[in-house]
Amino acid sequence: MAARVLRGLDRAIKALVALSMLAILIVICVQVWFRFVLDNALPWPEEAARFLMIWGLMIGGAFAFRNNEHTGIQILSDRFSGRWAQANTLFMQLLILGFLGCLVYGGWQEMSLLARFDTGALGISKAIPYGAIPISALLYALFSLVLVVRCLARERAA
């Protein structure tokens, strides 16, 4: 069941990132049309594209992390093998989880503080763009837990 939930989450993330990229494309095309064809630039498309990009990158980064495609420093991981490699992986994931816990907490506080303020051009709550931080950190944490479980399962199997 957990594998099915993760596959569904993967599909949802892929769809959200694809929709984000499509929306950015549409918003930028609208801005170019209004600015250069109609000679009347709109105030909101640049801000909307920026917020869509932030959300798409943060959510897409979590997906890359889940698939071990995220940027990482492999200097220690490449030197270990067997149990030491698994212990290193487990230790790194626990460090990452600690950092993500701080990111969720700090991001939620920041989001709560900015909720009563509106953005300049779109007029939406600033909590919406800042919400990408704690929400993506929760996704990263979920995927990190999945990696920890896999690491422990490999250790038991060995």
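Modeller: Helices, taken as H or I, are DSSP runs of at least four residues, numbered from the N terminus. Valine 32 is a case in point, for this residue lies in helix 1. Please bear in mind that the model is predicted.

Biologist: How is the accessibility of valine 32 to be classed?

Modeller: A residue is buried under 20% relative accessible area and exposed over 50%, with partly exposed in between. Valine 32 has 41%, and therefore counts as partly exposed. Its C-alpha atom is separated by 9.5 Å from that of proline 45, a residue 13 places away along the chain.

Biologist: Which residues make the contact?

Modeller: On the side of helix 1 they include Leu6, Ile13, Val17, Ser20, Val27 and Arg35. Helix 2 contributes, among others, Pro45, Ala48, Leu52, Met53, Gly56 and Arg66. By class, the contact of helix 1 with helix 2 has 14 nonpolar, 4 polar and 5 charged residues.

Biologist: What does serine 20 touch beyond its neighbours in sequence?

Modeller: Leaving aside residues within four places, serine 20 is in contact with Leu52, Met53 and Gly56. This serine belongs to helix 1. With a relative accessible area of 7%, serine 20 is buried.

Biologist: Is valine 27 buried or exposed, and what does it touch?

Modeller: Valine 27, also found in helix 1, has a relative accessible area of 11%, so it is buried. Residues up to four places away being left out, valine 27 touches Trp44, Pro45, Ala48, Ala49 and Leu52. Between valine 27 and glutamate 47, the C-alpha distance is 9.8 Å, with 20 residues separating them in sequence.

Biologist: Let us turn to another loop. How far apart in space are alanine 115 and arginine 79?

Modeller: Their C-alpha atoms are 47 Å apart, while the two are 36 residues apart in sequence. Alanine 115 is in the loop between helix 3 (83–114) and helix 4 (127–130). At 36% relative accessible area, alanine 115 is partly exposed. Its contacts, not counting residues up to four places away, are with Ser125 and Ala127.

Biologist: What describes a pair of aromatic rings in general?

Modeller: The distance of the centres and the angle of the planes describe such a pair. This structure holds 1 aromatic pair. The rings of phenylalanine 65 and tyrosine 140 have centres 5.4 Å apart and planes at 50°, so the pair is tilted. The pair links distant parts of the chain, 75 residues apart: phenylalanine 65 is in helix 2 (residues 45–66) and tyrosine 140 in helix 5 (residues 132–157). Both phenylalanine 65 and tyrosine 140 are buried.

Notes: Residues numbered from 1 in each chain as written. Predicted model: local features only at pLDDT ≥ 70, side-chain atom pairs only at ≥ 80, totals over all residues. Heavy atoms only, no water. Phe/Tyr/Trp six-rings, centres within 6.5 Å; stacked < 30°, edge-to-face > 60°. Helix = DSSP H or I, 4+ residues; strand = E, 2+ residues; numbered from the N terminus. Buried < 20%, exposed > 50% of the residue type's maximum accessible area, 1.4 Å probe, protein only. Contact = heavy atoms within 4.5 Å. Nonpolar A, V, L, I, M, F, W, Y, C, P; charged D, E, K, R; others polar.
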